[in-house]
Amino acid sequence: ESGKVTASPEKNDSEYLSPVTIGGQALTLDFDTGSADLWVFSSSLPAADSSGHTTFDPSKSSTWQAYQGATWQISYGDGSAADGTVGFDAVTIGGVTVSKQAVELATGVSGSFVQDTQNDGLVGLGFSTINTVQPQPQKTFFENVMPSLALPVFTANLDKDASGTYTFGAIDSTQYTGDIHYTPVDSSNGFWEFPSSSYTIAGGSPTPCTTCSPAIADTGTSLMLIDDDIVTAYYAQVSGSSLDQSQGGYIYPCSATLPSFGVAIGADYTATIPGSALTFAELGDGTCFGGVQSNQGQGIQIYGDVLLRNFFAVFDGGAKRFGVATK
Ligand SMILES: C[C@H]1CC[C@H](NC(=O)Cn2ccnc2)CC1
């Protein structure tokens, strides 16, 4: 089997939201390859926290099975967090169903989730070694459905300020051009992680960097969070740019011309993003906030939506590899 769903961008393409049905209830969730918990706003949340959101009410699902005593709590790279209880229910994405998927009910959510009223929760598409359910980590939707998919893959075809597609179980050749360039994935940290040991700024042949941190493909992160030395070298090419503490990153006059930025996807492909696609947001006073920002020395580079929306991306759970193609 295979299925596809729309991925609709929020403002500034900060996240992409997709329709999911759980126990017959429709919610709008953020597919996140950088985590492995499927959690939803629940009817047990305080009304002040769930106001504006669609909530899942287990008492209204005839197929809900509570997982007595199980709990979960997660915190994300942007400082957001959520926690709660667990059960099992039928989860359908694009017509593909897992009959007994672990569904984590939020009884607590941090402020940024409360405010993001279009987002009713997350579908983690990382590896279940980082699932936070206690006493027993639970498998992701993709891990559960993989054996019944025509191909053990899902693809992300995100777009700039336009709806894209997530597809499970097929690689739709109408969604990309040329070859798909794959790299093996090291899933030992729970991420779609691969080496990225060269880069380009303003084109040219790639600069090797033996000290460059490995990278992860993370649909749940808006920006590209890159090793500090590379980010410094990038904005040295942007006239009028500066590191603005209050905004929390590099800003520049929106009239500036940004150089292209290319990053290695494994050993033999450089994914190059044109400068015109590297602004994340206009701050409203003629300055712009860059899509390339520092990873604050985290020892991992996070290739989020600023990269992914420029390519067709393949997450291959069968061969444990990640691939990109132009489109
Ligand atoms: C080390 C990495 C740090 C960045 C992590 N990404 C996220 O936190 C993405 N996200 C999801 C919800 N809100 C933000 C992935 C791990």
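Mentor: A residue is called buried when its relative accessible area is under 20%, exposed when that area is over 50%, and partly exposed in between (1.4 Å probe, protein chains only). Thr97, with a relative accessible area of 39%, is therefore partly exposed. Please note that this is a predicted model, in which local features need pLDDT of at least 70, side-chain atom pairs count only at pLDDT 80 or more, and totals for chains, interfaces and linings use all residues. Residues are numbered from 1 along each chain as its sequence is written, and side-chain values use heavy atoms, with hydrogens and water left out.

Trainee: In which strand does Thr97 lie, and which residues does Thr97 touch?

Mentor: Helices (H or I, at least four residues) and strands (E, at least two) are DSSP runs, numbered from the N terminus. Thr97 belongs to strand β7, residues 96–109. Contact means heavy atoms within 4.5 Å. Not counting residues up to four places away in sequence, Thr97 touches Glu1, Ala90, Val91, Thr92 and Val145.

Trainee: Is Ser18 buried or exposed?

Mentor: Ser18 has a relative accessible area of 0%, so Ser18 is buried. This residue is placed in strand β2, which spans residues 16–22. A polar atom of the Ser18 side chain lies 2.8 Å from the backbone oxygen of Thr6. Thr6 is also among the residues that Ser18 touches, as are Val5, Ala7, Leu27 and Tyr166, when residues up to four places away in sequence are not counted. Along the chain, Ser18 and Gly164 are 146 residues apart, while their C-alpha atoms are separated by 9.7 Å.

Trainee: How many salt bridges does the structure hold?

Mentor: A salt bridge is a side-chain nitrogen of Lys or Arg within 4 Å of a carboxyl oxygen of Asp or Glu. The structure holds four of them. One joins the side chains of Lys4 and Asp172, at 2.9 Å from N to O. Because Lys4 lies in strand β1 and Asp172 in the loop between β10 (162–168) and β11 (177–184), this pair ties together parts that are 168 residues apart in sequence. Lys4 counts as partly exposed, at 44% relative accessibility, whereas Asp172 counts as buried, at 19%.

Trainee: What can be said of the salt bridge between Asp13 and Arg309?

Mentor: Their side chains meet at 2.9 Å, N to O. Asp13 lies in the loop between β1 and β2, and Arg309 in the loop between α5 (305–308) and β25 (312–316), so the pair ties together parts that are 296 residues apart in sequence. Both Asp13 and Arg309 are buried. A further salt bridge joins Lys60 and Asp57, at 3.6 Å from N to O. Here Lys60 is exposed, with a relative accessible area of 65%, and Asp57 counts as buried, at 15%.

Trainee: Which side chain of opposite charge is nearest to Asp89?

Mentor: In assigning charge, Lys and Arg count as positive and Asp and Glu as negative; His and the chain ends are not counted. For Asp89, which is buried yet has no salt bridge, the nearest such side chain is Lys100, 8.5 Å away. Asp89 is placed in strand β6, residues 81–93, and its side chain is joined to that of Ser61 by a polar contact of 2.6 Å. Glu10 is likewise buried without a salt bridge, and the nearest side chain of opposite charge, Lys11, is 10 Å away. Glu10 is found in the loop between β1 and β2.

Trainee: Finally, which residues come nearest to the ligand?

Mentor: A residue is near a molecule or strand if one of its heavy atoms lies within 4 Å of it. Of the 14 residues around the ligand, Tyr76, Gly77, Asp218, Gly220 and Thr221 come nearest. A backbone N or O atom of Gly77 lies 2.7 Å from a ligand oxygen atom, and an N or O atom in the side chain of Thr221 is 3.2 Å from a ligand nitrogen atom. Accessible areas come from the Shrake-Rupley method with a 1.4 Å probe; for residues, only the protein chains shown count as cover. Taken alone the ligand exposes 410 Å², of which the protein buries 86%.

Technical notes
Polar contact = N/O pair within 3.5 Å; in protein donor to acceptor, adjacent residues only side chain to side chain.
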